[in-house]
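Hi,

Here is the structure I promised to pass on.

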Amino acid sequence: TEYSDETIELIDELVADGNDHDVLENFIEEHGESYFQSYIEDYLQAIDEYDEDVVSAFLDVFDIDSIGSLSDAYQGRYDSGAEFAESLVSDCYSMDMPSWVEVDWQATWDNALSYDYSESDGHIFNNNF
């Protein structure tokens with residue numbers, strides 16, 4: 001594959017810093033050379049800060065040009081949107097409900113929270129970063 005001189009220089013620099021050449025090439029194949037030049041460093045930082053699963057889940061929902069906002073958007077890993085809804089309400093409102101009260105957390109996720117949050121592979125992201 002032929003790349004521009006700028007891309008080749010950036011690849012060489014990133015490989016010299018210890019990055020895997022295959023990861024860099026895969027990024028270019030997936031997102032294109034111009035996005036490589038603009039976003040590869042944010043992408044690599046996101047993988048270092050989180051992990052590939054979180055970054056991959058983020059990119060399932062958002063475009064690569066939003067990768068710099070991952071830390072603002074990431075809410076954590078949950079088994080379901082319902083579990084996230086319960087956690088969010090508990091954290092924000094410190095609700096001590098009696099054990100006999102039943103809340104439909106799935107409906108809370110579906111009818112309210114899923115408009116402002118997205119889920120991919122159990123990872124929850126705030127859409128409003």
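S66 is buried, at a relative accessible area of 17%; here buried means under 20%, exposed over 50% and partly exposed in between, with a 1.4 Å probe and protein chains only. This serine sits in the loop between α4 (52-61) and α5 (70-73). Helices (H or I, at least four residues) and strands (E, at least two) are DSSP runs, numbered from the N terminus. If neighbours within four places in sequence are left aside, S66 is in contact (heavy atoms within 4.5 Å) with F58 and F129.

Before the rest, a word on the source. This is a predicted model, in which local features need pLDDT of at least 70 and side-chain atom pairs count only at pLDDT 80 or more, while totals for chains, interfaces and linings use all residues. Residues are numbered from 1 along each chain as its sequence is written, and side-chain values use heavy atoms, with hydrogens and water left out.

Now to α6 (81-93). The helix has 13 residues and spans 18 Å from its first C-alpha to its last, close to the 18 Å expected at 1.5 Å a residue (that is, 1.5 Å times one less than the number of residues). Its buried residues are G81, A82, F84, A85 and V89. Seen down the axis of α6, they fall within an arc of 160°, so they line one face of the helix; the arc is taken over the directions from the helix axis to the C-beta atoms. Their cover includes β1 (74-77), α7, β2 (117-120) and β3 (123-126). After α6 comes S94, with a positive phi near 40°.

What lies in the loop between α6 and α7 (105-111)? V103 does, and it is partly exposed at 34% relative accessible area.

In helix α7 you will find Q106, partly exposed at 35% relative accessibility.

Lastly, do look at D121, in the loop between β2 and β3. D121 is exposed, at 53% relative accessible area, and has a positive phi of about 55° although it is not a glycine.

Best wishes
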